[in-house]
Amino acid sequence: MLFNIIKTIHILSFISWMAGLLYLPRIFVYHTENQSDKNISRVFKTMERKLYFYIMTPAMIISWIFGLLLIGSIGFEQLSTYWLKVKLLLVTFLTIYHFYLGGFLKKFELDMNTRSSKFFRFFNEVPTILLILIIFIVIFKPL
């Protein structure tokens, strides 16, 4: 029963985190396209900040905590399995991506963004690719 609760919280927090990782770069696209309008830019800054600090970051932390609890409940010897090593590596890449988005958030806050909306459209595909790989690895658990 406890295992299923931990797993459920892990999945829910991961979904919330992924939603933010997919949505924030999309907001950056629109923000980039409207940087010259200070009123619209201020609205985007508020949206970006609240999404990053109130939804994405707590969801990331909860995902990591409950993911590690899951590993503990199935046994830390599972860390020697290929699929879990790859999953953790990909989730680490998502975490780096998360903090990289935080860097862009800071640049937008200071009105110092130099990236194009096209860049953010492309950059927005990174978490999608990682998500697909993570799901396949978790489902199929390759040796």
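**Aromatic pairs and a helix contact**

Let me begin with the rings: this structure, which is a predicted model, holds 15 aromatic pairs, where rings of Phe, Tyr and Trp (its six-membered ring) pair if their centres lie within 6.5 Å, and where planes under 30 degrees apart count as stacked, over 60 as edge-to-face and the rest as tilted. One of these is formed by Tyr100 and Phe104, whose ring centres are 5.0 Å apart and whose planes meet at 75°, so this pair is edge-to-face.

Before going on, a word on conventions: residues are numbered from 1 along each chain as its sequence is written. Because the model is predicted, local features need pLDDT of at least 70 and side-chain atom pairs count only at pLDDT 80 or more, while totals for chains, interfaces and linings use all residues, and side-chain values use heavy atoms, with hydrogens and water left out.

Where do Tyr100 and Phe104 lie? Both belong to helix H3, residues 82-109, and they are four residues apart, about one turn of the helix; helices here are DSSP runs (H or I, at least four residues), numbered from the N terminus. Tyr100 is partly exposed, at a relative accessible area of 43%, whereas Phe104 is buried at 3%, given that buried means under 20% relative accessible area, exposed over 50% and partly exposed in between, with a 1.4 Å probe and protein chains only.

A further edge-to-face pair is that of Phe119 and Phe120, with 5.2 Å from centre to centre and 75° between the planes, and Phe120 is buried, its relative accessible area being 0%. Ring pairs join these residues into a cluster made of Phe28, Tyr97, Tyr100, Phe104, Phe108, Phe119, Phe120 and Phe123.

Charges also sit over rings, which requires NZ of Lys or CZ of Arg within 6 Å of the ring centre and within 35 degrees of the ring normal. Arg115 lies over the face of Phe119, 4.3 Å from the ring centre, and Lys141 lies over the face of Trp83, at 4.8 Å.

Let me turn to the helices. Helix H1 (residues 2-33) packs with helix H2 (residues 38-74) at an angle of about 155°, their axes being 7 Å apart, where axes are lines fitted to C-alpha atoms over the stretch in contact and angles run from 0 to 180 degrees between N-to-C directions. That makes H1 roughly antiparallel to H2, since angles under 35 degrees count as roughly parallel, over 145 as roughly antiparallel, 65 to 115 as roughly perpendicular and the rest as oblique. Finally, helix H1 contains Trp17, which is buried at 0% relative accessibility.

Terms used: Helices (H or I, at least four residues) and strands (E, at least two) are DSSP runs, numbered from the N terminus.
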